[in-house]
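Subject: Handing over a structure

Hi,

Could you take over this structure from me?

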Amino acid sequence: MMQFDVFPNPDPGRTDDRPYIVVLQHNHLIDLSSVVVAPLVKAESVLPLAGLMPTVVVDGARFHAVVPDLGAISKRHLKGAVANVSTFRDDLIKALDRLFTGL
C-alpha cells in the first residue's frame, strides 16, 4: 500500500456515488493499522469545491477527491488497489493544505 493508491470503496452502501477511495497518508506512516483516505466521486455527479476537490483520473474516468470528507479506515478493509494517482500529487497536497491551513 502506497500514498495515492486507489481502492474500491469498502462501504457497500456508498459504492454508487463514491466507488473508490484514495490513500492520502504518507508512505512513512503507512505501517500504522489505519490510513487516512478521501472518497472519489464521479466528476459529473458533483460540482467541486474550489481547491478542495481536485480531479483525478482512474481507468480513464474522471473523479473528484472529496478532501473535506477525509477519514481514517483500517487497512484490513482495503483490498486490491486499482490505480495510483500520484500524477495528481500536487493538486491533492494543495487540497490538504487548503483544508488544514486555509491557504
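First, some ground rules. This is a predicted model, so to speak of local features I needed pLDDT of at least 70, and side-chain atom pairs count only at pLDDT 80 or more, while totals for chains, interfaces and linings use all residues. Residues are numbered from 1 along each chain as its sequence is written, and side-chain values use heavy atoms, with hydrogens and water left out.

**Strands**

Helices (H or I, at least four residues) and strands (E, at least two) are DSSP runs, numbered from the N terminus. Two strands pair if DSSP finds at least two bridges between them.

Start with strand S1 (residues 5-8), which pairs with strand S2 (residues 20-23) in the antiparallel sense over three bridges. Look for Pro8 there: Tyr20 in S2 stands opposite. S2 also pairs with S3, again antiparallel, over four bridges, and Val23 has Val37 in S3 as its bridge partner.

**Cores**

What I call a nonpolar core is a set of buried Ala, Val, Leu, Ile, Met, Phe, Trp, Tyr and Cys residues joined through side-chain atoms within 4.5 Å. Buried means under 20% relative accessible area, exposed over 50%, and partly exposed in between (1.4 Å probe, protein chains only).

The largest core has 15 residues, and Val22, Leu24, Leu40, Val85 and Leu92 have the most contacts inside it. Two or more residues each come from strand S3 (34-42), strand S4 (55-58), strand S5 (61-65) and helix H1 (89-101). H1 gives the largest share, three residues. In soluble globular proteins, nonpolar side chains tend to be buried together.

Contact here means heavy atoms within 4.5 Å. Not counting residues up to four places away in sequence, Val85 touches Phe4, Val6, Val22, Val56, Val57, Val58 and Leu92. There is also a second, separate core of eight residues, with Phe7, Val35, Val37 and Leu78 among them.

**Residues to look at**

Which residues does His64 touch beyond its neighbours in sequence? Leaving aside those within four places, His64 is in contact with Pro39, Leu40, Val41, Ala43, Val46, Pro48, Met53, Pro54 and Thr55. His64 lies in strand S5 and counts as buried because its relative accessibility is 4%.

Pro54 sits in the loop between S3 and S4, yet counts as buried at 9% relative accessibility. Leaving aside neighbours within four places in sequence, Pro54 is in contact with Phe63, His64, Ala65, Val67, Asp91, Leu92 and Ala95. Leu47 lies in that loop between S3 and S4 as well, but Leu47 is exposed, with a relative accessible area of 76%.

Now for some backbone angles. Most residues other than glycine have a negative phi, and most peptide bonds are trans. Phe4, in the segment before S1, has a positive phi near 75°, and Phe4 is buried at a relative accessible area of 3%. Asp59 takes a positive phi near 55° in the hairpin of S4 and S5, which has two residues between the strands. Is Asp59 buried or exposed? Asp59 counts as exposed because its relative accessible area is 78%.

**Pocket**

A pocket, on a 1 Å grid over the protein atoms alone, is an open set of points where a 1.4 Å probe fits, with protein on both sides within 12 Å along at least five of seven lines; lining residues have an atom within 4 Å of a point.

About 210 Å³ of space lies in the largest pocket, a volume being the space filled by probe spheres set on the grid points, which are joined across faces, edges and corners. Its lining includes Asn9, Arg14, Arg18, Val37, Asp69 and Ile73. S3 and strand S6 (71-74) are the elements that give two or more residues to this lining.

Happy browsing!
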